[in-house]
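The sequence and the structure are shown first.

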Amino acid sequence: MTRLYDQRWINVLTARDKVKDEDIDKLSVDKSLWPVIKKETIDSYYADFKEVVNKARQKQ
């Protein structure tokens with residue numbers, strides 16, 4: 001699924017008082033890296049989820 005939003009809004013909202021306006025764009029990695037980061041995040045989450053499920057099954 002393609003994400004059409006700029007996730008930097010999260011950074012901007014949390015750092016607005018601490019960062020100069022001209023530095024806001026530096027709060028995020030380059031947009032070309034987003035698909036890789038998305039895949040790594042999903043894979044990591046899923047691996048952790050499977051581990052929790054397996055541990056829960058072992059306790060039964």
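## Fold and surface

Of the 60 residues in the protein chain, 8% are buried, where buried means under 20% relative accessible area, exposed over 50%, and partly exposed in between (1.4 Å probe, protein chains only). The model is predicted: local features need pLDDT of at least 70, side-chain atom pairs count only at pLDDT 80 or more, and totals for chains, interfaces and linings use all residues. Residues are numbered from 1 along each chain as its sequence is written, and side-chain values use heavy atoms, with hydrogens and water left out.

The protein chain contains two helices and zero strands; these are DSSP runs numbered from the N terminus, a helix (H or I) having at least four residues and a strand (E) at least two. Helix H1 covers 8–15 and helix H2 covers 34–59. The accessible surface of the protein chain is about 5800 Å², as computed by the Shrake-Rupley method with a 1.4 Å probe, and for residues only the protein chains shown count as cover. Carbon and sulfur atoms account for 57% of that surface.

Val29, Leu33 and Ile37 make a nonpolar surface patch of about 230 Å². Patches are made of residues with over 30% relative accessible area and no salt bridge; like charges are joined within 9 Å, and nonpolar side chains (Val, Leu, Ile, Met, Phe, Trp, Tyr) within 5 Å. Val29 lies in the loop between helix H1 and helix H2, and is partly exposed at a relative accessible area of 41%.

## Salt bridges

Side chains of opposite charge can pair when their charged atoms come close. Two salt bridges are found in a search of the whole structure, a salt bridge being a side-chain nitrogen of Lys or Arg within 4 Å of a carboxyl oxygen of Asp or Glu.

| Salt bridge | Closest N and O atoms |
|---|---|
| Asp43 with Lys39 | 2.5 Å |
| Lys55 with Glu51 | 3.2 Å |

Asp43 and Lys39 are four residues apart in helix H2, which means that about one helical turn separates them. Asp43 is partly exposed, with a relative accessible area of 39%, whereas Lys39 counts as exposed at 51% relative accessibility.

Lys55 and Glu51 are likewise four residues apart in helix H2, and about one helical turn separates them. Lys55 counts as partly exposed at 46% relative accessibility, and Glu51 counts as partly exposed at 41%.
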